[in-house]
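Reader: Please take a close look at one part of this model, the side-chain contacts and salt bridges, and follow them into the core and the strands around it. One connected account will do.

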Amino acid sequence: IKGNYYPENIFEYYSLQENILTTKNMGETLAIQYSDELIQLFEVKRAQNRNVTYIGKINLVNCNILFGDEIKWSFEEILAMTVVGKNKLNVYLENQVFQIKGDVRFSALKYMHVYYHYMNLKKAGQKNVSSEFLGL
């Protein structure tokens, strides 16, 4: 889809994301690349306690999430992702939880969709694993 397209509801948005992801080549390196500006990265310590870790640009490239030159997470070290609200994404690592918060144009859902689609394709062929689940 070219130009500005605004889905009318969450089902339409989800279907659009699913179509984009399932038609991309997800081989050894992720063919999808995203980036967003004005990102805040917080390390979540306890219920309401967050420490700012990074402010700047986020990039998703070759199965890695990058925050400038400072922080890099491969999909392999991420245990799970959840969308919190409209523009926040929680990322769960081995012993840490991080929250990515963007401005109103940031779509946490697209990052989560790419992560779960890649991980499901990686697990393809295993018993009871569907490559269609995108994290919702």
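Author: Leaving aside its neighbours within four places in sequence, Glu 43 is in contact with Asn 49, Arg 50, Asn 51, Thr 53, Gln 96, Val 97 and Phe 98. These contacts, like everything below, are read from a predicted model. Glu 43 lies in strand S1. Its relative accessibility is 17%, so Glu 43 counts as buried, the cut-off being under 20%. Glu 43 also forms a salt bridge with Lys 45, with the closest N and O atoms 3.6 Å apart. Lys 45 has a relative accessible area of 46%, so Lys 45 is partly exposed.

The search of the whole structure finds three salt bridges. Another of them joins the side chains of Lys 110 and Asp 36, at 3.4 Å from N to O. Lys 110 belongs to helix H2 and Asp 36 to strand S1, so distant parts of the chain, 74 residues apart, are linked by this pair. Both Lys 110 and Asp 36 are buried. Lys 110 also lies over the face of Tyr 34, at 4.7 Å from the ring centre. There is also a salt bridge between Glu 37 and Lys 57, where the closest N and O atoms are 3.8 Å apart. This pair too links distant parts of the chain, with Glu 37 in strand S1 and Lys 57 in strand S2, 20 residues apart. Lys 57 has a relative accessible area of 33%, so Lys 57 is partly exposed.

Next comes the nonpolar core. The largest one holds 30 residues, and those touching the most other members are Ile 65, Phe 67, Trp 73, Phe 75, Ile 78, Met 81 and Ile 100. At least two residues of this core come from each of strands S1 (34-46), S2 (49-61), S3 (64-67), S4 (71-74), S6 (88-92) and S7 (97-101), and from helix H2 (108-122). H2 gives the largest share, nine residues.

Over the whole structure, the search finds eight aromatic pairs.

Not counting residues up to four places away in sequence, Met 81 touches Ile 65, Leu 89, Asn 90, Val 91, Tyr 92, Tyr 111, Met 112, Tyr 115 and Tyr 116. Val 91, in S6, is also the bridge partner of Met 81. Strand S5 (residues 80-84) and S6 run antiparallel and are joined by five bridges. S5 and S6 form a hairpin with three residues between them, and in the turn Gly 85 has a positive phi of about 75°.

Five bridges join S6 and S7, which run antiparallel, and Lys 88 has Lys 101 in S7 as its bridge partner. S6 and S7 form a hairpin too, with four residues between them.

Conventions: Residues are numbered from 1 along each chain as its sequence is written. This is a predicted model: local features need pLDDT of at least 70, side-chain atom pairs count only at pLDDT 80 or more; totals for chains, interfaces and linings use all residues. Side-chain values use heavy atoms; hydrogens and water are left out. Rings of Phe, Tyr and Trp (its six-membered ring) pair if their centres lie within 6.5 Å; planes under 30 degrees apart count as stacked, over 60 as edge-to-face and the rest as tilted. A charge sits over a ring if NZ of Lys or CZ of Arg is within 6 Å of the ring centre and within 35 degrees of the ring normal. A nonpolar core is a set of buried Ala, Val, Leu, Ile, Met, Phe, Trp, Tyr and Cys residues joined through side-chain atoms within 4.5 Å. Buried means under 20% relative accessible area, exposed over 50%, partly exposed in between (1.4 Å probe, protein chains only). Contact means heavy atoms within 4.5 Å. A salt bridge is a side-chain nitrogen of Lys or Arg within 4 Å of a carboxyl oxygen of Asp or Glu. Two strands pair if DSSP finds at least two bridges between them.
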